[in-house]
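Please read it with the sequence and the structure open beside you.

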Amino acid sequence: MIDMPGPSADGSGTDTNADTKRLSRKEEKEMNRAGVTRYPKPSEGSVDNPQEIGGVRSSTMRAVVQTGYGSADVLQPGNVERPQIGPDEVLVEVHAAGVDRAVWHGMTGLPYVGRFVFGIRAPKFVVPGFDVAGVVVEVGNKVARFQPGDEVFGIGKGTFAEFAAASADKLSPKPASLTFAQAAAVPMSGITALQGLIDVGRLAAGQNVLIVGASGGVGSYAVQIAKAMGANVAGVSSAAKVDLVRSLGADRVVDYTSEDFADGSEQYDLILDTGGNTALKRLRKALTPRGTLVIVGGEGGGRILGIGRQLQAVAWSPFLRQRLTMFTSKAHHRDLDRLGLLIESGDMVPAVHRVYPLDRAPAALRDLETGQIRGKAVIGVKEGP
Ligand SMILES: NC(=O)c1ccc[n+]([C@@H]2O[C@H](COP(=O)([O-])OP(=O)(O)OC[C@H]3O[C@@H](n4cnc5c(N)ncnc54)[C@H](OP(=O)(O)O)[C@@H]3O)[C@@H](O)[C@H]2O)c1
């Protein structure tokens, strides 16, 4: 049996919020099957102050638990077993966890093709979250790069929790100039921006670059990296976020709600496409005759595959002078180190929209889904909002 905390987030005592609603019998069964332990009643402790339950407090931790695929209502605060680490892993005490589109895809199970990774019928990862910043508390016997007490950032497993396991290869020392919350906003999005622009896009100084989705997670880093590399940068965003994109250093900002950035009036050597679902034909009009298009992603591509444009790009490219590409980013500490250098030199500053407390993670995912986030949202686990 799982008891959810009673009081509403605003302290009114009225449980009007879906984040704290009682679970159905089916959800309870799923959580029990997943090894989720009982959450304290308000009389025993609060979300922010869980107490001992049966004297086994030390082996459990607070976490966000995913009960199925769907809206943010499938995310519930709960207590779960602390993860065990393998020989190549470390256990991180999570100070902050980043919220990015991969968490949303894992939560909704959309597009369906992603379920080959996340789990066909139900999510196989009980606790969501990949981006992490925190302190190493335990190291596997094959790990030489870290020791307990090291402050790190990178990519872990189930980071919306007090503790998370992470492969040592996917962590780097946290840049000293960043708070844990800022550092947690970097890994997935920053690595994707870096690899998309430099490794795949072959960005060179002096090029004209267009970042579609410049106000988002990946785009907010891409603008700054391209500027640091000496490019002339135009960014595309909605009207409400034009000021953000300009503050990130873009030379020009196009509001996609009122201007057509792909009408051919401007042409770019490199386009990094991270937002919307602009047709390939239109994107080609905005490319120079030998320009490169790198499709990172974008929502609206359908519920089944979601990557129709990417497949089309790969099919067309061999027959064109323009280079049309797609890619999937790969996490490795080498790229975190490269990002760390950009951060320490002051060329890149994470755009953190807001830090949400752990039990408000569903609200963070709702805000991401409805386009409210400017840059990145972060879950404050040990480090509060
Ligand atoms: N290939 C990979 O390895 C990889 C890695 C990471 C992410 N991704 C994918 O890349 C995409 C972006 O990720 P993210 O984390 O940056 O997402 P995000 O934070 O939600 O950002 C999305 C961006 O798209 C913009 N946008 C929305 N509708 C648009 C439209 N019609 N035209 C132009 N721009 C539009 C948004 O602008 P406004 O908010 O101003 O409306 C925002 O800047 C997602 O689909 C994600 O799954 C792929």
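P111 sits in the loop that runs between α2 and α3 (115-118), and in this predicted model the peptide bond joining L110 to P111 is cis, with omega of about -10°. Most peptide bonds are trans, and most residues other than glycine have a negative phi.

**Around helix α2**
- Helix α2 covers residues 101-108, and its buried residues are R101, A102, V103, G106 and M107.
- Just after α2 comes G109, which takes a positive phi of about 70°.

- R202, which belongs to the loop between α5 and β9 (208-212), has a positive phi of about 55° although it is not a glycine.
- Because 14 other C-beta atoms lie within 10 Å of R202, this residue counts as partly exposed.

**The ligand shell**
- The ligand lies between domain 1 (18-186 + 350-380) and domain 2 (189-326), because both domains give residues to the shell around it.
- Among the 30 residues around the ligand, those that come nearest are G216, G217, G275, G276 and G297.
- At least two shell residues are supplied by each of α5 (187-200), α6 (217-228) and β10 (232-237).
- By residue class, the shell is made up of 17 polar, 9 nonpolar and 4 charged residues.

**The protein as a whole**
- The protein contains 16 strands and 11 helices, and 50% of its 385 residues are buried.
- Of the contacts with a separation of 6 or more, 65% are between residues 24 or more positions apart.

Notes. Residues are numbered from 1 along each chain as its sequence is written. This is a predicted model: local features need pLDDT of at least 70, side-chain atom pairs count only at pLDDT 80 or more; totals for chains, interfaces and linings use all residues. A residue is near a molecule or strand if its C-beta atom, placed from the backbone, lies within 6 Å of it. Helices (H or I, at least four residues) and strands (E, at least two) are DSSP runs, numbered from the N terminus. Ala, Val, Leu, Ile, Met, Phe, Trp, Tyr, Cys and Pro count as nonpolar, Asp, Glu, Lys and Arg as charged, and the others, Gly among them, as polar. Domain bounds come from an automatic or database domain assignment. A residue is buried if 20 or more other C-beta atoms lie within 10 Å of its own, exposed if 12 or fewer, and partly exposed in between; C-beta atoms are placed from the backbone. Two residues are in contact if their C-beta atoms, placed from the backbone, lie within 7 Å.
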